[in-house]
Amino acid sequence: MFKKILIANRGEIAVRVMRTCMALNIRTVGIYSEADAAAPHVKMADEAYQVGGPRVNESYLNMDKIIEIAKQTGAEAIHPGYGLLSENAVFARKCEEAGIVFIGPSPEVIARMGSKIESRIAMEKVGVPVVPGIAHPLSDVEEAAQVADRFGYPVMLKASAGGGGIGMQIVRNEEELRKAYEGNKKRATDFFGDGAMYIEKCIENPRHVEIQVLADKQGNTVYLWERECSIQRRHQKVVEEAPSPFLDEATRTRMGEAAVKAAQSLGYSNAGTIEFLVDRDKNFYFLEMNTRLQVEHPVTEEITGLDLVEQQLRIACGEPLGFVQNDVKREGHAIEVRIYAEDPKTFFPSPGTITKFVVPEGTGIRNELAVGEGSTVTPFYDPMIAKLVVKGDTREEAIHRLQHALAAYEVEGIKTNIPMLREIADHPAFRSGDTTTGFVAHYIQGKK
Amino acid sequence: MSQVLASMAGNVWKVLVKAGDAVEAGQDVVILESMKMEIPIAAEATGTVKEVKINEGDFVNEGDVLVELE
(Lines give C-alpha, C1' and ligand atoms only; values in the text may rest on other atoms or scores of the structure.)
Protein backbone atom coordinates (compact mmCIF):
# COMPACT_ATOMS: atom_id res chain seq x y z
CA MET A 1 0.00 0.00 0.00
CA PHE A 2 1.08 3.61 -0.52
CA LYS A 3 2.82 5.34 2.38
CA LYS A 4 2.01 8.89 1.33
CA ILE A 5 -0.39 10.43 -1.20
CA LEU A 6 -1.35 13.92 -2.30
CA ILE A 7 -5.02 14.87 -2.43
CA ALA A 8 -5.56 17.31 -5.29
CA ASN A 9 -8.94 18.61 -4.16
CA ARG A 10 -10.77 20.60 -1.52
CA GLY A 11 -13.98 20.50 0.49
CA GLU A 12 -15.78 17.42 1.72
CA ILE A 13 -14.18 15.05 -0.79
CA ALA A 14 -10.64 15.96 0.30
CA VAL A 15 -11.66 15.34 3.90
CA ARG A 16 -13.37 12.09 2.88
CA VAL A 17 -10.27 10.74 1.11
CA MET A 18 -8.04 11.75 4.03
CA ARG A 19 -10.29 9.86 6.44
CA THR A 20 -9.68 6.60 4.61
CA CYS A 21 -5.96 7.37 4.38
CA MET A 22 -5.82 7.77 8.16
CA ALA A 23 -7.53 4.41 8.60
CA LEU A 24 -5.02 2.77 6.25
CA ASN A 25 -2.04 4.55 7.84
CA ILE A 26 -1.24 6.52 4.67
CA ARG A 27 0.22 10.00 5.19
CA THR A 28 -1.57 12.80 3.35
CA VAL A 29 -0.39 15.90 1.53
CA GLY A 30 -3.07 18.57 1.12
CA ILE A 31 -3.09 21.52 -1.25
CA TYR A 32 -5.06 24.73 -0.89
CA SER A 33 -5.79 28.04 -2.52
CA GLU A 34 -5.46 31.43 -0.84
CA ALA A 35 -9.20 31.39 -0.15
CA ASP A 36 -9.00 28.00 1.57
CA ALA A 37 -6.11 28.65 3.99
CA ALA A 38 -8.36 27.92 6.99
CA ALA A 39 -10.34 25.08 5.42
CA PRO A 40 -10.85 21.76 7.26
CA HIS A 41 -8.99 19.74 4.63
CA VAL A 42 -5.88 21.84 5.29
CA LYS A 43 -6.04 21.11 9.01
CA MET A 44 -6.69 17.44 8.42
CA ALA A 45 -3.77 16.83 6.07
CA ASP A 46 -0.48 15.70 7.58
CA GLU A 47 1.14 18.49 5.59
CA ALA A 48 -0.44 21.11 3.33
CA TYR A 49 0.86 23.57 0.75
CA GLN A 50 -0.63 26.66 -0.81
CA VAL A 51 -0.75 26.36 -4.59
CA GLY A 52 -1.99 29.78 -5.63
CA GLY A 53 -4.77 32.34 -5.74
CA PRO A 54 -8.43 31.76 -4.96
CA ARG A 55 -9.58 30.89 -8.49
CA VAL A 56 -9.31 27.24 -9.49
CA ASN A 57 -7.14 28.03 -12.53
CA GLU A 58 -4.57 29.56 -10.22
CA SER A 59 -4.71 26.78 -7.62
CA TYR A 60 -6.53 23.46 -7.82
CA LEU A 61 -6.07 23.25 -11.59
CA ASN A 62 -2.41 24.24 -11.54
CA MET A 63 -1.16 20.84 -12.72
CA ASP A 64 2.57 21.49 -12.81
CA LYS A 65 2.67 23.04 -9.37
CA ILE A 66 0.63 20.18 -7.89
CA ILE A 67 2.94 17.57 -9.42
CA GLU A 68 5.95 19.51 -8.21
CA ILE A 69 4.59 19.43 -4.64
CA ALA A 70 3.94 15.70 -4.93
CA LYS A 71 7.53 15.15 -6.02
CA GLN A 72 9.01 17.38 -3.34
CA THR A 73 7.00 15.78 -0.56
CA GLY A 74 7.63 12.23 -1.70
CA ALA A 75 3.96 11.48 -2.37
CA GLU A 76 3.71 8.29 -4.40
CA ALA A 77 0.25 8.91 -5.78
CA ILE A 78 -2.34 11.65 -6.36
CA HIS A 79 -6.02 11.24 -5.55
CA PRO A 80 -7.96 13.79 -7.61
CA GLY A 81 -11.35 13.49 -5.83
CA TYR A 82 -14.20 14.48 -8.17
CA GLY A 83 -14.45 17.53 -10.41
CA LEU A 84 -11.28 19.65 -10.88
CA LEU A 85 -8.54 17.38 -12.32
CA SER A 86 -10.30 14.07 -11.75
CA GLU A 87 -11.15 13.48 -15.41
CA ASN A 88 -8.30 15.38 -16.98
CA ALA A 89 -6.33 13.10 -19.29
CA VAL A 90 -3.50 15.62 -19.60
CA PHE A 91 -3.04 15.63 -15.84
CA ALA A 92 -3.14 11.83 -15.63
CA ARG A 93 -0.43 11.70 -18.30
CA LYS A 94 1.69 14.31 -16.54
CA CYS A 95 1.50 12.23 -13.35
CA GLU A 96 2.57 9.14 -15.28
CA GLU A 97 5.52 11.01 -16.79
CA ALA A 98 6.56 12.27 -13.35
CA GLY A 99 6.52 8.71 -11.97
CA ILE A 100 3.52 9.42 -9.73
CA VAL A 101 0.51 7.11 -9.67
CA PHE A 102 -2.70 8.86 -10.76
CA ILE A 103 -5.53 7.27 -8.77
CA GLY A 104 -7.81 6.68 -11.71
CA PRO A 105 -7.84 4.94 -15.06
CA SER A 106 -5.30 5.45 -17.85
CA PRO A 107 -5.16 8.82 -19.65
CA GLU A 108 -6.37 7.10 -22.84
CA VAL A 109 -9.55 5.81 -21.19
CA ILE A 110 -10.23 9.21 -19.56
CA ALA A 111 -9.89 10.91 -22.93
CA ARG A 112 -12.18 8.43 -24.70
CA MET A 113 -14.91 8.61 -22.08
CA GLY A 114 -14.57 12.40 -21.86
CA SER A 115 -15.86 12.73 -25.39
CA LYS A 116 -19.58 12.08 -25.72
CA ILE A 117 -19.17 11.04 -29.32
CA GLU A 118 -16.23 8.70 -28.78
CA SER A 119 -17.83 7.11 -25.74
CA ARG A 120 -21.01 6.42 -27.76
CA ILE A 121 -19.01 4.69 -30.46
CA ALA A 122 -17.15 2.61 -27.87
CA MET A 123 -20.40 1.53 -26.19
CA GLU A 124 -22.23 0.72 -29.42
CA LYS A 125 -19.31 -1.47 -30.43
CA VAL A 126 -19.74 -3.74 -27.39
CA GLY A 127 -23.53 -3.80 -27.59
CA VAL A 128 -24.38 -1.46 -24.71
CA PRO A 129 -27.57 0.37 -25.73
CA VAL A 130 -27.19 4.08 -26.42
CA VAL A 131 -29.82 6.78 -26.91
CA PRO A 132 -30.59 7.01 -30.65
CA GLY A 133 -28.34 9.72 -31.99
CA ILE A 134 -25.50 10.48 -34.34
CA ALA A 135 -21.90 9.43 -33.87
CA HIS A 136 -20.19 12.32 -35.62
CA PRO A 137 -20.19 16.07 -34.88
CA LEU A 138 -22.81 18.07 -36.74
CA SER A 139 -21.34 20.06 -39.60
CA ASP A 140 -23.96 22.83 -39.55
CA VAL A 141 -27.49 23.78 -38.59
CA GLU A 142 -28.90 22.28 -41.81
CA GLU A 143 -27.55 18.87 -40.89
CA ALA A 144 -28.88 19.37 -37.35
CA ALA A 145 -32.37 19.99 -38.76
CA GLN A 146 -32.17 16.90 -40.99
CA VAL A 147 -31.04 14.66 -38.16
CA ALA A 148 -33.72 16.02 -35.80
CA ASP A 149 -36.35 15.29 -38.47
CA ARG A 150 -35.14 11.72 -38.71
CA PHE A 151 -35.43 11.04 -34.94
CA GLY A 152 -38.53 13.16 -34.47
CA TYR A 153 -38.82 16.01 -31.95
CA PRO A 154 -38.11 16.59 -29.13
CA VAL A 155 -34.37 16.12 -29.47
CA MET A 156 -31.48 16.98 -27.19
CA LEU A 157 -28.82 19.31 -28.55
CA LYS A 158 -25.52 18.59 -26.80
CA ALA A 159 -21.98 19.88 -26.69
CA SER A 160 -19.59 16.96 -27.11
CA ALA A 161 -17.26 18.29 -24.42
CA GLY A 162 -20.04 19.43 -22.07
CA GLY A 163 -20.77 18.19 -18.59
CA GLY A 164 -22.92 18.95 -15.59
CA GLY A 165 -25.73 20.00 -17.85
CA ILE A 166 -23.74 22.79 -19.46
CA GLY A 167 -24.19 22.89 -23.23
CA MET A 168 -27.32 20.74 -23.21
CA GLN A 169 -30.72 21.87 -24.44
CA ILE A 170 -34.02 20.23 -25.31
CA VAL A 171 -35.47 21.53 -28.56
CA ARG A 172 -39.05 20.83 -29.46
CA ASN A 173 -39.26 21.97 -33.08
CA GLU A 174 -37.17 23.16 -35.98
CA GLU A 175 -37.60 26.82 -35.10
CA GLU A 176 -36.23 26.22 -31.60
CA LEU A 177 -33.39 24.17 -33.03
CA ARG A 178 -32.36 26.91 -35.44
CA LYS A 179 -32.48 29.45 -32.63
CA ALA A 180 -30.44 27.31 -30.24
CA TYR A 181 -27.78 25.88 -32.53
CA GLU A 182 -25.29 28.71 -33.08
CA GLY A 183 -25.55 30.03 -29.52
CA ASN A 184 -24.88 26.62 -28.01
CA LYS A 185 -22.01 25.99 -30.37
CA LYS A 186 -20.43 29.31 -29.40
CA ARG A 187 -20.93 28.63 -25.71
CA ALA A 188 -19.36 25.19 -26.08
CA THR A 189 -16.35 26.80 -27.77
CA ASP A 190 -16.09 29.46 -25.04
CA PHE A 191 -16.53 27.02 -22.18
CA PHE A 192 -14.73 23.91 -23.30
CA GLY A 193 -12.58 25.06 -26.19
CA ASP A 194 -14.47 22.58 -28.37
CA GLY A 195 -17.57 23.51 -30.32
CA ALA A 196 -18.48 20.00 -31.51
CA MET A 197 -22.26 19.56 -31.23
CA TYR A 198 -24.44 16.54 -31.67
CA ILE A 199 -28.06 15.53 -31.41
CA GLU A 200 -29.80 12.66 -29.77
CA LYS A 201 -33.38 11.59 -29.35
CA CYS A 202 -34.88 13.05 -26.20
CA ILE A 203 -36.20 10.44 -23.79
CA GLU A 204 -38.90 12.41 -21.97
CA ASN A 205 -39.17 12.23 -18.19
CA PRO A 206 -36.65 9.45 -17.87
CA ARG A 207 -35.01 8.15 -14.76
CA HIS A 208 -31.32 8.67 -14.27
CA VAL A 209 -29.91 5.42 -12.95
CA GLU A 210 -26.20 4.73 -12.80
CA ILE A 211 -24.18 1.63 -12.08
CA GLN A 212 -21.10 1.74 -9.86
CA VAL A 213 -18.28 -0.51 -10.99
CA LEU A 214 -14.92 -1.44 -9.54
CA ALA A 215 -12.21 -2.78 -11.81
CA ASP A 216 -8.68 -3.81 -10.93
CA LYS A 217 -5.56 -3.85 -13.09
CA GLN A 218 -5.79 -7.64 -13.44
CA GLY A 219 -9.02 -7.35 -15.44
CA ASN A 220 -11.48 -8.27 -12.67
CA THR A 221 -14.60 -6.09 -12.79
CA VAL A 222 -17.65 -6.12 -10.54
CA TYR A 223 -20.73 -3.92 -10.29
CA LEU A 224 -21.88 -2.55 -6.94
CA TRP A 225 -25.53 -2.14 -7.88
CA GLU A 226 -27.18 1.09 -8.94
CA ARG A 227 -27.91 4.58 -7.70
CA GLU A 228 -31.03 6.42 -8.73
CA CYS A 229 -30.15 10.10 -9.23
CA SER A 230 -33.20 11.38 -11.05
CA ILE A 231 -33.96 14.31 -8.78
CA GLN A 232 -31.91 17.14 -10.20
CA ARG A 233 -31.98 20.89 -10.54
CA ARG A 234 -30.20 22.64 -13.42
CA HIS A 235 -29.24 19.12 -14.61
CA GLN A 236 -27.27 18.60 -11.40
CA LYS A 237 -28.15 15.94 -8.86
CA VAL A 238 -29.82 16.86 -5.59
CA VAL A 239 -31.04 13.52 -4.21
CA GLU A 240 -29.48 10.11 -4.83
CA GLU A 241 -30.56 6.76 -3.51
CA ALA A 242 -29.82 3.07 -3.66
CA PRO A 243 -31.45 0.82 -4.56
CA SER A 244 -33.59 2.53 -7.20
CA PRO A 245 -37.29 2.37 -6.27
CA PHE A 246 -38.05 1.75 -9.95
CA LEU A 247 -35.84 -1.14 -11.09
CA ASP A 248 -36.77 -4.79 -10.87
CA GLU A 249 -34.14 -7.48 -10.26
CA ALA A 250 -33.98 -8.53 -13.90
CA THR A 251 -33.34 -4.97 -15.16
CA ARG A 252 -30.86 -4.37 -12.35
CA THR A 253 -28.86 -7.43 -13.37
CA ARG A 254 -28.98 -6.55 -17.07
CA MET A 255 -27.75 -3.03 -16.35
CA GLY A 256 -25.00 -4.27 -14.05
CA GLU A 257 -23.80 -6.77 -16.63
CA ALA A 258 -23.85 -4.10 -19.36
CA ALA A 259 -21.77 -1.78 -17.16
CA VAL A 260 -19.21 -4.50 -16.46
CA LYS A 261 -18.99 -5.29 -20.17
CA ALA A 262 -18.50 -1.59 -20.92
CA ALA A 263 -15.72 -1.18 -18.35
CA GLN A 264 -13.95 -4.36 -19.41
CA SER A 265 -14.02 -3.44 -23.08
CA LEU A 266 -12.19 -0.22 -22.22
CA GLY A 267 -9.53 -1.89 -20.12
CA TYR A 268 -10.83 0.19 -17.24
CA SER A 269 -9.32 0.13 -13.77
CA ASN A 270 -10.49 2.24 -10.78
CA ALA A 271 -13.93 2.95 -9.37
CA GLY A 272 -16.17 4.14 -12.19
CA THR A 273 -19.77 4.87 -12.99
CA ILE A 274 -21.82 4.14 -16.06
CA GLU A 275 -24.76 6.52 -16.23
CA PHE A 276 -27.95 5.38 -17.95
CA LEU A 277 -31.30 6.90 -18.80
CA VAL A 278 -34.16 4.51 -18.11
CA ASP A 279 -37.49 5.02 -19.84
CA ARG A 280 -40.96 4.17 -18.60
CA ASP A 281 -40.71 0.65 -20.06
CA LYS A 282 -37.40 0.01 -18.28
CA ASN A 283 -35.36 0.26 -21.46
CA PHE A 284 -31.97 1.68 -20.53
CA TYR A 285 -29.58 3.75 -22.61
CA PHE A 286 -25.94 4.65 -22.00
CA LEU A 287 -25.50 8.33 -21.18
CA GLU A 288 -21.88 8.69 -20.13
CA MET A 289 -19.15 7.13 -18.06
CA ASN A 290 -17.58 8.94 -15.12
CA THR A 291 -14.02 7.76 -14.71
CA ARG A 292 -13.68 8.82 -11.07
CA LEU A 293 -15.20 8.60 -7.62
CA GLN A 294 -18.58 10.34 -7.58
CA VAL A 295 -20.23 12.74 -5.16
CA GLU A 296 -22.94 10.17 -4.43
CA HIS A 297 -20.59 7.24 -3.71
CA PRO A 298 -21.66 7.07 -0.02
CA VAL A 299 -25.07 5.56 -0.85
CA THR A 300 -23.29 2.62 -2.48
CA GLU A 301 -20.95 2.34 0.50
CA GLU A 302 -23.94 2.26 2.83
CA ILE A 303 -25.72 -0.61 1.06
CA THR A 304 -22.60 -2.68 0.29
CA GLY A 305 -20.47 -2.02 3.37
CA LEU A 306 -17.47 -1.27 1.13
CA ASP A 307 -15.16 1.76 1.39
CA LEU A 308 -14.83 2.91 -2.20
CA VAL A 309 -11.84 5.16 -1.52
CA GLU A 310 -10.01 2.21 0.02
CA GLN A 311 -10.85 0.13 -3.05
CA GLN A 312 -9.52 2.88 -5.32
CA LEU A 313 -6.26 3.01 -3.38
CA ARG A 314 -5.83 -0.78 -3.44
CA ILE A 315 -6.52 -0.91 -7.18
CA ALA A 316 -4.11 1.96 -7.91
CA CYS A 317 -1.46 0.09 -5.92
CA GLY A 318 -1.91 -2.94 -8.14
CA GLU A 319 -3.79 -5.16 -5.68
CA PRO A 320 -6.43 -7.44 -7.21
CA LEU A 321 -10.05 -7.07 -6.00
CA GLY A 322 -10.52 -9.19 -2.93
CA PHE A 323 -13.97 -10.41 -3.99
CA VAL A 324 -16.06 -11.52 -6.95
CA GLN A 325 -19.55 -10.50 -8.09
CA ASN A 326 -21.34 -13.08 -5.96
CA ASP A 327 -19.67 -11.73 -2.83
CA VAL A 328 -21.08 -8.21 -3.31
CA LYS A 329 -24.01 -7.94 -0.94
CA ARG A 330 -26.81 -5.41 -0.79
CA GLU A 331 -28.47 -4.48 2.44
CA GLY A 332 -31.00 -1.80 3.37
CA HIS A 333 -31.71 1.48 1.63
CA ALA A 334 -29.61 4.66 1.58
CA ILE A 335 -30.45 8.20 0.49
CA GLU A 336 -28.07 11.12 0.02
CA VAL A 337 -29.07 14.76 -0.29
CA ARG A 338 -26.70 17.52 -1.30
CA ILE A 339 -26.74 20.68 0.77
CA TYR A 340 -26.05 23.61 -1.54
CA ALA A 341 -25.31 27.22 -0.57
CA GLU A 342 -28.04 28.62 -2.77
CA ASP A 343 -31.49 30.12 -2.80
CA PRO A 344 -33.95 27.18 -2.57
CA LYS A 345 -36.31 28.75 -5.11
CA THR A 346 -34.14 30.46 -7.71
CA PHE A 347 -31.10 28.15 -7.19
CA PHE A 348 -28.88 31.23 -7.30
CA PRO A 349 -25.63 30.92 -5.31
CA SER A 350 -25.46 32.32 -1.79
CA PRO A 351 -21.87 32.81 -0.67
CA GLY A 352 -21.22 34.25 2.79
CA THR A 353 -20.23 33.34 6.33
CA ILE A 354 -22.00 30.55 8.19
CA THR A 355 -23.08 31.91 11.57
CA LYS A 356 -24.80 28.78 12.85
CA PHE A 357 -24.28 25.19 11.76
CA VAL A 358 -26.00 22.30 13.50
CA VAL A 359 -25.96 18.90 11.84
CA PRO A 360 -28.19 16.00 12.79
CA GLU A 361 -26.66 12.95 14.44
CA GLY A 362 -28.01 9.53 15.27
CA THR A 363 -28.53 5.99 14.05
CA GLY A 364 -28.43 5.69 10.29
CA ILE A 365 -27.17 9.24 9.74
CA ARG A 366 -23.86 10.10 8.06
CA ASN A 367 -22.61 13.62 7.43
CA GLU A 368 -19.94 14.47 4.88
CA LEU A 369 -18.84 18.02 5.57
CA ALA A 370 -16.13 20.55 5.09
CA VAL A 371 -17.74 23.56 6.70
CA GLY A 372 -18.77 24.53 10.20
CA GLU A 373 -19.84 27.51 12.25
CA GLY A 374 -17.69 30.48 11.19
CA SER A 375 -16.76 29.01 7.78
CA THR A 376 -16.87 31.37 4.86
CA VAL A 377 -18.40 29.99 1.70
CA THR A 378 -16.66 31.77 -1.15
CA PRO A 379 -17.95 32.33 -4.68
CA PHE A 380 -14.92 30.60 -6.19
CA TYR A 381 -16.05 26.99 -5.95
CA ASP A 382 -19.00 24.69 -6.34
CA PRO A 383 -21.98 25.58 -4.07
CA MET A 384 -22.14 22.15 -2.39
CA ILE A 385 -21.20 22.56 1.27
CA ALA A 386 -22.25 19.24 2.76
CA LYS A 387 -23.91 15.91 2.11
CA LEU A 388 -26.41 14.20 4.35
CA VAL A 389 -26.64 10.43 3.97
CA VAL A 390 -29.25 8.33 5.73
CA LYS A 391 -29.75 4.60 5.88
CA GLY A 392 -32.66 2.41 6.90
CA ASP A 393 -33.63 -1.24 6.61
CA THR A 394 -36.32 -0.22 4.15
CA ARG A 395 -36.90 2.79 1.90
CA GLU A 396 -39.69 3.95 4.21
CA GLU A 397 -37.34 3.90 7.19
CA ALA A 398 -34.65 5.77 5.24
CA ILE A 399 -37.14 8.48 4.19
CA HIS A 400 -38.37 8.77 7.75
CA ARG A 401 -34.78 9.31 8.95
CA LEU A 402 -34.20 11.80 6.17
CA GLN A 403 -37.23 13.83 7.22
CA HIS A 404 -36.09 13.90 10.83
CA ALA A 405 -32.48 14.69 9.96
CA LEU A 406 -33.50 17.54 7.65
CA ALA A 407 -35.78 18.94 10.32
CA ALA A 408 -32.83 19.05 12.72
CA TYR A 409 -30.38 20.55 10.22
CA GLU A 410 -29.70 24.23 10.93
CA VAL A 411 -27.62 26.57 8.77
CA GLU A 412 -27.68 30.33 9.28
CA GLY A 413 -25.82 33.20 7.65
CA ILE A 414 -26.21 31.90 4.10
CA LYS A 415 -29.16 30.58 2.16
CA THR A 416 -29.29 26.85 1.55
CA ASN A 417 -31.52 24.44 -0.36
CA ILE A 418 -32.57 22.70 2.88
CA PRO A 419 -36.17 24.02 2.62
CA MET A 420 -36.39 22.49 -0.85
CA LEU A 421 -34.92 19.18 0.37
CA ARG A 422 -37.50 19.07 3.17
CA GLU A 423 -40.23 19.63 0.61
CA ILE A 424 -38.91 16.79 -1.52
CA ALA A 425 -38.60 14.41 1.46
CA ASP A 426 -42.20 15.14 2.48
CA HIS A 427 -43.64 14.98 -1.03
CA PRO A 428 -46.04 12.09 -1.72
CA ALA A 429 -44.55 11.64 -5.20
CA PHE A 430 -41.07 11.12 -3.75
CA ARG A 431 -42.38 8.83 -1.05
CA SER A 432 -44.08 6.71 -3.69
CA GLY A 433 -40.86 6.47 -5.71
CA ASP A 434 -41.98 8.71 -8.57
CA THR A 435 -38.54 10.21 -9.13
CA THR A 436 -38.10 11.17 -12.75
CA THR A 437 -35.73 13.89 -13.96
CA GLY A 438 -38.81 16.12 -14.24
CA PHE A 439 -39.43 15.91 -10.48
CA VAL A 440 -38.19 19.35 -9.43
CA ALA A 441 -39.85 21.14 -12.35
CA HIS A 442 -43.14 19.28 -11.84
CA TYR A 443 -43.57 19.11 -8.12
CA ILE A 444 -41.29 21.68 -6.54
CA GLN A 445 -41.28 24.60 -8.95
CA GLY A 446 -44.64 23.78 -10.51
CA LYS A 447 -46.05 22.86 -7.07
CA LYS A 448 -48.23 20.14 -8.54
CA MET B 1 -30.14 58.09 -12.57
CA SER B 2 -30.20 54.49 -11.46
CA GLN B 3 -27.60 51.87 -10.73
CA VAL B 4 -27.33 48.19 -11.48
CA LEU B 5 -25.89 46.41 -8.44
CA ALA B 6 -24.30 42.99 -8.05
CA SER B 7 -26.80 40.69 -6.33
CA MET B 8 -24.01 38.43 -5.07
CA ALA B 9 -20.24 38.13 -4.93
CA GLY B 10 -18.68 36.74 -8.07
CA ASN B 11 -16.52 37.16 -11.10
CA VAL B 12 -17.62 39.38 -14.00
CA TRP B 13 -17.91 36.90 -16.85
CA LYS B 14 -19.50 39.02 -19.58
CA VAL B 15 -20.36 42.71 -19.90
CA LEU B 16 -23.23 42.99 -22.37
CA VAL B 17 -23.54 46.78 -22.68
CA LYS B 18 -21.32 49.82 -23.19
CA ALA B 19 -21.65 53.53 -22.49
CA GLY B 20 -24.32 55.11 -24.64
CA ASP B 21 -26.39 51.92 -25.11
CA ALA B 22 -30.12 52.14 -24.50
CA VAL B 23 -31.36 49.45 -22.11
CA GLU B 24 -34.82 48.40 -21.04
CA ALA B 25 -35.94 47.31 -17.60
CA GLY B 26 -35.37 43.58 -17.30
CA GLN B 27 -32.63 43.49 -19.91
CA ASP B 28 -29.48 41.57 -18.91
CA VAL B 29 -26.50 43.91 -18.75
CA VAL B 30 -23.83 41.84 -17.01
CA ILE B 31 -23.30 38.13 -16.43
CA LEU B 32 -21.57 37.20 -13.21
CA GLU B 33 -19.98 33.86 -12.57
CA SER B 34 -20.36 32.62 -9.03
CA MET B 35 -19.95 29.10 -7.65
CA LYS B 36 -19.61 27.67 -11.15
CA MET B 37 -22.91 29.21 -12.25
CA GLU B 38 -23.63 32.09 -14.58
CA ILE B 39 -25.90 34.70 -13.06
CA PRO B 40 -27.40 37.27 -15.41
CA ILE B 41 -27.84 40.70 -13.83
CA ALA B 42 -30.65 42.75 -15.32
CA ALA B 43 -31.30 46.49 -15.30
CA GLU B 44 -34.26 47.39 -13.11
CA ALA B 45 -35.09 50.57 -14.99
CA THR B 46 -35.12 51.71 -18.59
CA GLY B 47 -32.40 54.22 -19.51
CA THR B 48 -29.11 54.88 -21.22
CA VAL B 49 -25.83 53.46 -20.00
CA LYS B 50 -23.81 56.31 -18.51
CA GLU B 51 -20.88 54.29 -17.30
CA VAL B 52 -19.83 50.66 -16.99
CA LYS B 53 -17.98 50.47 -13.68
CA ILE B 54 -16.41 47.04 -14.09
CA ASN B 55 -14.44 45.00 -16.60
CA GLU B 56 -14.71 41.36 -17.62
CA GLY B 57 -12.63 39.31 -15.22
CA ASP B 58 -13.12 41.68 -12.25
CA PHE B 59 -14.20 40.28 -8.92
CA VAL B 60 -17.20 42.05 -7.39
CA ASN B 61 -18.90 41.87 -4.02
CA GLU B 62 -22.61 41.92 -3.28
CA GLY B 63 -23.91 45.48 -3.59
CA ASP B 64 -21.09 46.74 -5.84
CA VAL B 65 -22.20 49.09 -8.61
CA LEU B 66 -21.82 47.39 -11.99
CA VAL B 67 -23.46 49.87 -14.35
CA GLU B 68 -24.83 53.41 -14.01
CA LEU B 69 -27.85 54.40 -16.06
CA GLU B 70 -29.38 57.78 -16.75
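**Entry 1. A salt bridge in chain A.** I began with one pair: the side chains of A:Arg16 and A:Glu301 meet in a salt bridge, with 2.7 Å from N to O. I note that the model is predicted. I then looked up which element gives the most to the side of domain 1 of chain A that touches domain 3 of chain A. That element is helix 1 of chain A, residues 11-23, and it gives 9 residues. By class, this side of domain 1 of chain A has 15 nonpolar, 7 polar and 7 charged residues.

**Entry 2. The domains of chain A.** I looked up how chain A is divided. Domain 1 covers 4-103, domain 2 covers 132-201 and domain 3 covers 207-444. Taken over C-alpha atoms, the centres of domain 1 and domain 3 of chain A are separated by 23 Å. Their contact takes 29 residues from domain 1 of chain A and 28 residues from domain 3 of chain A.

**Entry 3. The interface of domain 1 and domain 3.** I wanted an area for this interface. The size of an interface is often given as the accessible area lost when the parts come together. Between domain 1 and domain 3 of chain A, the buried area is about 2,100 Å². Carbon and sulfur atoms give 62% of that area. How many salt bridges does the rule find across this interface? It finds 5 salt bridges between domain 1 and domain 3 of chain A. I also wrote down 11 residue pairs in polar contact across the interface of these two domains, both residues of each pair being at pLDDT 80 or more.

**Entry 4. Chain B against chain A.** Next I turned to the two chains. Their contact takes 14 residues from chain B and 18 residues from chain A. The area buried between chain B and chain A is about 1,300 Å², and carbon and sulfur atoms give 67% of it. Which three residues supply more than any other three of the area that chain B buries against chain A? They are B:Met35, B:Lys36 and B:Met37, which supply 50% of it.

**Entry 5. Polar pairs and elements between the chains.** The rule finds 1 salt bridge across the interface of chain B and chain A. I looked up the pair: B:Lys36 forms a salt bridge with A:Asp382, and their closest N and O atoms are 3.8 Å apart. For polar contact I noted 2 residue pairs across the interface of chain B and chain A, with both residues at pLDDT 80 or more. On the side of chain B that touches chain A, the elements giving two or more residues are strand 2 (10-15) and strand 5 (37-42) of chain B. Strand 2 of chain B gives the largest share, 4 residues. By class, this side of chain B has 7 nonpolar, 4 polar and 3 charged residues.

**Entry 6. A sheet in chain B.** I followed the strands of an open sheet in chain B. It has 4 strands in the order 1-8-6-3, with antiparallel pairing. Strand 1 (2-5) and strand 3 (22-23) of chain B are the edge strands, and each pairs on one side only. Strand 6 (residues 47-52) and strand 8 (residues 65-69) of chain B run antiparallel and are joined by 3 bridges. For B:Val49, the bridge partner in strand 8 of chain B is B:Leu69.

**Entry 7. A:Asn367.** A:Asn367 is found in strand 17 of chain A, residues 365-369. A polar atom of the A:Asn367 side chain lies 2.8 Å from the backbone oxygen of A:Pro360. Leaving out residues up to four places away in sequence, A:Asn367 touches A:Val359, A:Pro360, A:Lys387, A:Leu388 and A:Tyr409.

Note on methods:
Residues are numbered from 1 along each chain as its sequence is written. Chains are lettered from A and ligands numbered from 1 in the order in which they are written. This is a predicted model: local features need pLDDT of at least 70, side-chain atom pairs count only at pLDDT 80 or more; totals for chains, interfaces and linings use all residues. Side-chain values use heavy atoms; hydrogens and water are left out. Domain bounds come from an automatic or database domain assignment. Contact means heavy atoms within 4.5 Å. Buried area is the accessible area (1.4 Å probe) that two parts lose on being put together, summed over both. A salt bridge is a side-chain nitrogen of Lys or Arg within 4 Å of a carboxyl oxygen of Asp or Glu. A polar contact is a pair of N or O atoms within 3.5 Å; within protein, one must be able to donate a hydrogen and the other to accept it, and residues adjacent in sequence count only if both atoms are side-chain atoms. Ala, Val, Leu, Ile, Met, Phe, Trp, Tyr, Cys and Pro count as nonpolar, Asp, Glu, Lys and Arg as charged, and the others, Gly among them, as polar. Two strands pair if DSSP finds at least two bridges between them.
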